[in-house]
Amino acid sequence: MAASDHAKLYFDLGSSQLPATAAGDLAGVLAALNARGDSKARISGFHDESGGAATNAEIAKQRAQAVKQWLQEQGIASERIEMDKPAVTEGGGDASEARRVEVSVE
């Protein structure tokens, strides 16, 4: 997988609004999807262990949905976008790393 076939977007605490860097962060992914019409985007939302599990999973899902919507607005058909179940980032560490969405082209 080329570097442009993968992107990570980091979100503010409690927010599912796309970061200001989203278009730049996703440019390579979008280009790869447009170049390979049979490819699919896989979107994975992550959250940390703090707070309520249901609330964290919901915000991770909303963040992933925001990325999916952006891709669709750029002309990528919904059937070319696969959403993973929200996943927890375990082990403490940097909480901002847990507030992310990863997108890969397959």
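**Terms and model**

I take helices (H or I, at least four residues) and strands (E, at least two) as DSSP runs, numbered from the N terminus. The model I looked at is predicted, so I note that local features need pLDDT of at least 70, side-chain atom pairs count only at pLDDT 80 or more, and totals for chains, interfaces and linings use all residues. Residues are numbered from 1 along each chain as its sequence is written, and side-chain values use heavy atoms, with hydrogens and water left out.

**Whole chain**

I listed three helices and five strands in the chain. Read from the N terminus, their order is β-α-β-α-β-β-α-β.

A compact globule of 106 residues would have a value near 13 Å, and the chain agrees because its own value is 13 Å. The C-alpha trace spans about 40 × 25 × 25 Å along its principal axes.

For burial I use relative accessible area: buried is under 20%, exposed is over 50%, and partly exposed is in between (1.4 Å probe, protein chains only). By that rule 40% of the 106 residues count as buried.

Contact means heavy atoms within 4.5 Å. Among contacts between residues at least 6 apart in sequence, I find that 78% join residues at least 24 apart.

**Arginine 63**

I placed arginine 63 in helix α2, which covers residues 53-73. Is arginine 63 buried or exposed? It is buried, because its relative accessible area is 2%. Leaving aside neighbours within four places in sequence, arginine 63 has contacts that include Phe11, Asp12, Leu13, Gly14, Ser15 and Ser16. Phe46, Arg99 and Val101 are also in contact with arginine 63.

**Glycine 14**

Gly14 from that list is my next entry. Glycine 14 sits in the loop between β1 (6-10) and α1 (22-35). It counts as exposed, because its relative accessibility is 60%. Beyond four places in sequence, glycine 14 is in contact with Ile59 and Arg63. I also noted alanine 60, which is 46 residues from glycine 14 along the chain, with 9.5 Å between their C-alpha atoms.

**Asparagine 56**

Asparagine 56 is also in helix α2. I record it as buried, because its relative accessible area is 12%. Which residues does asparagine 56 contact, leaving aside its neighbours within four places in sequence? They are His47, Asp48, Glu49, Ser50 and Gly51.

**Leucine 30**

I found leucine 30 in helix α1. Its relative accessible area is 15%, so it is buried. With neighbours within four places set aside, leucine 30 is in contact with Trp70, Gln74 and Ile76. Glutamate 49 is 19 residues from leucine 30 in sequence, and their C-alpha atoms are 31 Å apart.

**Glutamate 106**

I ended with glutamate 106, in the segment after β5 (100-105). Its relative accessible area is 47%, so it is partly exposed. Not counting residues up to four places away in sequence, glutamate 106 touches Ser39, Lys40, Arg42 and Glu82.

I then checked the side chains for a polar contact (a pair of N or O atoms within 3.5 Å; within protein, one must be able to donate a hydrogen and the other to accept it, and residues adjacent in sequence count only if both atoms are side-chain atoms). One of 3.0 Å joins glutamate 106 and arginine 42. Leucine 33 is 73 residues from glutamate 106 in sequence, and 8.9 Å separates their C-alpha atoms.

Methods. The radius of gyration is taken over C-alpha atoms; the globule rule is 2.2 Å times the number of residues to the power 0.38.
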